[in-house]
Amino acid sequence: MKTIAKRIYIALIILFLYAPIGILMVLSFNESKTRAKWGGFTFKWYIALFQNEEILRALFNTLLIAFTSSLIATVIGTVACIAMTGMKRRAKSILMGITNIPMLNADIVTGISLMLLYISLGIKFGMGTILLSHITFNIPYVILSVMPRMKQLNVSTYEAALDLGSSPLHAFFRVVFPDLLPGILSGFLMAFTMSLDDFIITHFTKGVGVDTLSTKIYTEIKKGIKPEMYALSSLIFVTVLTLLILINLSPADQKKSEA
Amino acid sequence: MKKHRMTHIRQTITALALLLSAALCGCGSDKGVNGQVIVYNWGEYIDPETLRMFEEETGIEVIYDEFETNESMYPKVESGAVAYDIACPSDYMISRMIQNGMLSEINYDHIPNAKKNIGAQYYEQSRGFDPENKYAIPYCWGTVGILYNKTMVEEPITRWAQLWDEKYADNILMQDSVRDAFMVAEKLNGDSMNTLDTNELEAAKNLLIEQKPLVQAYVVDQVRDKMIGGEAAIGVIYSGEAIYTQKENPDLVYMIPEEGTNVWIDSWVILKNAPNKENAEKFIDFMCREDIALMNFEYITYSTPNVAARELIEDEDIKNSEIAFPDLSQYDNLETYVYLGEDGDYLYNELWKEVKAY
């Protein structure tokens, strides 16, 4: 009885999590443009998707901004963490507080204030302003995931490397960096997804004719979202799923061959 | 084991980076030989092919940006973050922009197609928000009416009053927007949809509250899908969606209620601080050309005010469609929304809140 209840519970959770995505994927094969009617199975939205320059450009912009902004934020965030370990307790907690505020702050406030800042500085809106904004809100996420690794770090290994004649830079890259890497990578991935997801801040800081997927989808509201978007979302979901499976599978294979 | 996973993630990221940098090289922008024109239009509100044709014919580069509501367009234009040349707002928003001195007067000599091809009745209708036709050139228009499923109603629907019929309890879809909801009640009472009279507004509010138990849902763009799927019998909808929904579900009928309704017009306007005024005129002229207007009509399926383009429509059913091109002179109770001022907006919003919270 108890196991049945457990299974039903799990099934419900999975249903609520994945039913929306499932429906979206089914609709992407729907011949009819409306969600209310099944017009037969078709691949035409997938074909149309790859011929739709605007959607592809928006996808490209989204990926480019997500990748560049999270990469730069990762570098800045990691360097900040290293600097913070050398600080006094008080200065450190003040700095941590300052980096935490933008994360708790509502996106719309961040978006509007950035827009006003760019206007008052006379910066031309475009790809650059989106990138700057994304780097800004990504940095705290990187710091948040690198900092705990930093705290676990054993300072003695770094000092030992120096004692054995290594230069500080060399010692950092050979001893400290590998230990930080998991934190840095998860910070990077976190920043990447945050940037990918963002709508509000992009909406306020984007220039003319520059669209990311989220702003593009939003402008389609008046006329109804095109099924090409369903197709694209399905493809993104499947890509992420395969990537995750690949990442999770290979270590297991490794273990098997070792055994 | 951990280490292997890390190398794996690292490889994935490197692969992603390579892919992106490869794609980046293939994407360069070429500036138009004759400068540019910056256009701010509704999403999905133009055939992208026409933009390409304009660039080819004139050598002017089109920088094209999209908005989703009049309300989100206004602050972006006002803030001046981007200096747009052309926008395409709706009637009441145009009157607001005129009042705030944000628009530049149109020189019809530079836009010959606008006078030649756009029907006089649409300029007439525009006077509601642009009294001397000085600022706006109609681009798309339509009515707000009732879409009903003839298999789900007992008699044909002809009047707004039937949205208050208890027979159709839980089968009615209303628009979830202040002006459209109040318009229905105000027209039913025989009042103007731009009224600021507190008694008339109070009456409209009470009518809407009275109707509330009968309404299945207040929605915006879902009317379309819900009506196609037969989830409701009657819905308030924009005429532009009618042809499409009928194609998907032949049981649906669109009609303009006897009490009168809103005629909306989305028009091209040139902004006061437009950096490329000449190119903006060329762009609007191009969009008013009959073959281009026809392409856009076929892409958007909203009614076009371009009489010359209508003549070119090959499908007789659409060309003579009462839905796409109703004869406006038949009605004497059609109106267009006008900007009510900040106080007016506030008043309407407060009353709408009372309705929604009741």
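## Before we start

Because the model is predicted, local features need pLDDT of at least 70 and side-chain atom pairs count only at pLDDT 80 or more, while totals for chains, interfaces and linings use all residues. Residues are numbered from 1 along each chain as its sequence is written, and chains are lettered from A and ligands numbered from 1 in the order in which they are written.

Helices here are DSSP runs (H or I, at least four residues), numbered from the N terminus. Two packed helices are described by the angle between their axes and the distance between the axes. Axes are lines fitted to C-alpha atoms, over the stretch in contact for helices, and angles run from 0 to 180 degrees between N-to-C directions.

## Meet H6 in chain A

Let's begin with H6(A), which covers residues 127–152. H6(A) has 26 residues and reaches 38 Å from its first C-alpha to its last, close to the expected 38 Å (1.5 Å times one less than the number of residues).

There's a bend of about 30° at Asn138(A), with a proline, Pro140(A), following within four residues. The bend is the angle between axes fitted to the seven residues ending at a residue and the seven starting there.

## Two partners for H6

Helix H4 (residues 89–104) of chain A packs on H6(A) at about 120°, with the axes 9 Å apart. The pair is therefore oblique (under 35 degrees is roughly parallel, over 145 roughly antiparallel, 65 to 115 roughly perpendicular, and the rest oblique). Thr99(A), Asn100(A), Pro102(A) and Met103(A) of H4(A) make the contact with Phe137(A), Ile139(A), Pro140(A) and Ile143(A) of H6(A) (contact puts C-beta atoms, placed from the backbone, within 7 Å). By class, that's 6 nonpolar, 2 polar and no charged residues.

Helix H3 (residues 53–85) of chain A also packs on H6(A), at about 45° with axes 6 Å apart. That makes H3(A) oblique to H6(A). Their contact has 15 nonpolar, 9 polar and no charged residues.

## Over in chain B

Now for H8 (residues 198–211) and H15 (residues 341–357) of chain B, which pack at about 25° with axes 9 Å apart. H8(B) and H15(B) are therefore roughly parallel.

On the H8(B) side you'll find Leu201(B), Lys205(B), Leu208(B) and Ile209(B), meeting Leu347(B), Leu351(B), Glu354(B) and Val355(B) in H15(B). These contact residues divide into 6 nonpolar, no polar and 2 charged (Asp, Glu, Lys and Arg count as charged, Ala, Val, Leu, Ile, Met, Phe, Trp, Tyr, Cys and Pro as nonpolar, and the others, Gly among them, as polar).

Methods: Helices (H or I, at least four residues) and strands (E, at least two) are DSSP runs, numbered from the N terminus. Two residues are in contact if their C-beta atoms, placed from the backbone, lie within 7 Å.
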